[in-house]
Amino acid sequence: TPLPDGTYLVNWRALSSVDGHVTAGSFPFTIGRATLGAELGAAGPASSAYTVRPLEVMGRFLHLVGAVAATGGGTFALVVALPAFRGKRGRNARLAGVESRAFSLLRSLLWGGIAALALAAVAALVDQALKLETSPLRVVAETRLGAFWLTRVALILGLVAAVARPWPRPSEGAPQRAPMDRGTLRTARPRVMLLAVTSLGALLLLTTSLTSHAAALSGPTALYVLADWLHMLAASAWVGGLVFLALTFASAPRSTGLVERAELLGGVVTRFHILALASVGVLIGTGILSSLIQVGSFPGLLTTGYGNVLLVKFALLAPMLALAATNALWARPRLVAAARPDASGATAAMVERRFPLLVRGEALMGLLVMAAAAVLVTMPPAAGEIAARASAQKLRLVRSADDLRITLAISPGRPGVNTF
């Protein structure tokens, strides 16, 4: 049926199929002879209609926690724990027992991560269904985000299968035998299981990057997605490694001598220092790239919600880096020195007492940074908001001819009815 003459206002709202963010706007149009009505004042340019959605933020945070537990815990065990424990199994039965306790705690950590991932998947599906005002089944069956949701569920089930399967433990208290004997094969099996867990966690993070702000950018999208993925992998290795490092300290028996414990833990900390240093370097590089692209200017950093949350993230990251520097420059050298036969028992006791507290503080700050990141990824990027503001400004054209200067001002300078 044809619309009668009059003035109409169209309010529109779109949900991105890439990152799930909502963009909204309005524009007027008239048919026939129409009177300019008050509804024209309600017209507005396209904007990212952001409101805090607790369900979405919670889902993003739980997903990050679960993926970091799998990726970071697995990376720590593969790169740090297994090599550090390798030379201690046959020398001291009590120290060798630390490995079993540490890996038992790792499995508990992984089960907690899987629970977080499962809750995050439910929250993400319900949130998308509420945004689209449709059923969760339609989201899964008909949208790109639904396809990624199914991929995440498959990866979570893969993690369940890997963690639920019995993990053979490296032999404890027995001397190392020939390279191909049963003891070495038993040692290799946990490495295979850990590699599977780490790979599944990394793939979960990749699904996040493929549905992030980076994937919605124009230009070299693959490069932006790769940078985002590397950023999260580095964060996982650092924060997840810190959590497992704290668990390793908790696994060390108090009945063991201070020097023996310091020798074992010093080797673990030294290896983790290298991993953390590389992770921080990748984090800084990819973080600068992302900030330049997503924020783009100081006004974007200071006058937008995205920029303000990013500043909060930086503010939380600063003390975390300070704690990391303290651990690396003060605690680690003293822990290594405490392993020497002539080391003071009081020094070793002091370092063992303070270093775990510093590690826990650093890990806690890492979780707070992840919480800020969970809020950040639900917000429209600052660069787009600044561009939308610029497009909404009054259009002003100035031309001169001899001694005549002509100025044309068009307001609001966007599609629809304007005044001159």
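**Exercises on ring pairs and salt bridges**

Arg60 and Glu56 are separated by about one helical turn, because they stand four residues apart in helix α1. Helices (H or I, at least four residues) and strands (E, at least two) are DSSP runs, numbered from the N terminus. The model is predicted: local features need pLDDT of at least 70, side-chain atom pairs count only at pLDDT 80 or more, and totals for chains, interfaces and linings use all residues. Residues are numbered from 1 along each chain as its sequence is written, and side-chain values use heavy atoms, with hydrogens and water left out.

**Exercise 1.** Classify the ring pair of Phe76 and Phe244, and state where the two residues lie.

*Solution.*
- Rings of Phe, Tyr and Trp (its six-membered ring) pair if their centres lie within 6.5 Å; planes under 30 degrees apart count as stacked, over 60 as edge-to-face and the rest as tilted.
- A search of the whole structure finds two aromatic pairs.
- In the pair of Phe76 and Phe244, the ring centres are 4.9 Å apart and the planes stand at 80 degrees, so the pair is edge-to-face.
- Phe76 is in helix α1 (residues 54–86) and Phe244 is in helix α6 (residues 221–251), so the pair ties together parts that are 168 residues apart in sequence.
- Both Phe76 and Phe244 are buried (buried means under 20% relative accessible area, exposed over 50%, partly exposed in between, with a 1.4 Å probe and protein chains only).

**Exercise 2.** Classify the ring pair of Phe76 and Phe272.

*Solution.*
- The ring centres of Phe76 and Phe272 are 5.6 Å apart and the planes stand at 55 degrees, so the pair is tilted.
- This pair links distant parts of the chain, with Phe76 in helix α1 and Phe272 in helix α7 (residues 258–294), 196 residues apart.
- Phe272 has a relative accessible area of 6% and is buried.
- Ring pairs link Phe76, Phe244 and Phe272 into a cluster.

**Exercise 3.** Is Asp127, the salt-bridge partner of Arg53, buried or exposed?

*Solution.*
- A salt bridge is a side-chain nitrogen of Lys or Arg within 4 Å of a carboxyl oxygen of Asp or Glu.
- Between the side chains of Arg53 and Asp127, the N to O distance is 2.9 Å.
- Arg53 lies in the loop between β2 (22–31) and α1 and Asp127 in helix α2 (residues 93–132), so the pair ties together parts that are 74 residues apart in sequence.
- Asp127 has 3% relative accessibility and counts as buried, whereas Arg53, at 24%, counts as partly exposed.
- Arg53, Glu56, Arg60, Asp127 and Lys131 are linked in a network of salt bridges.
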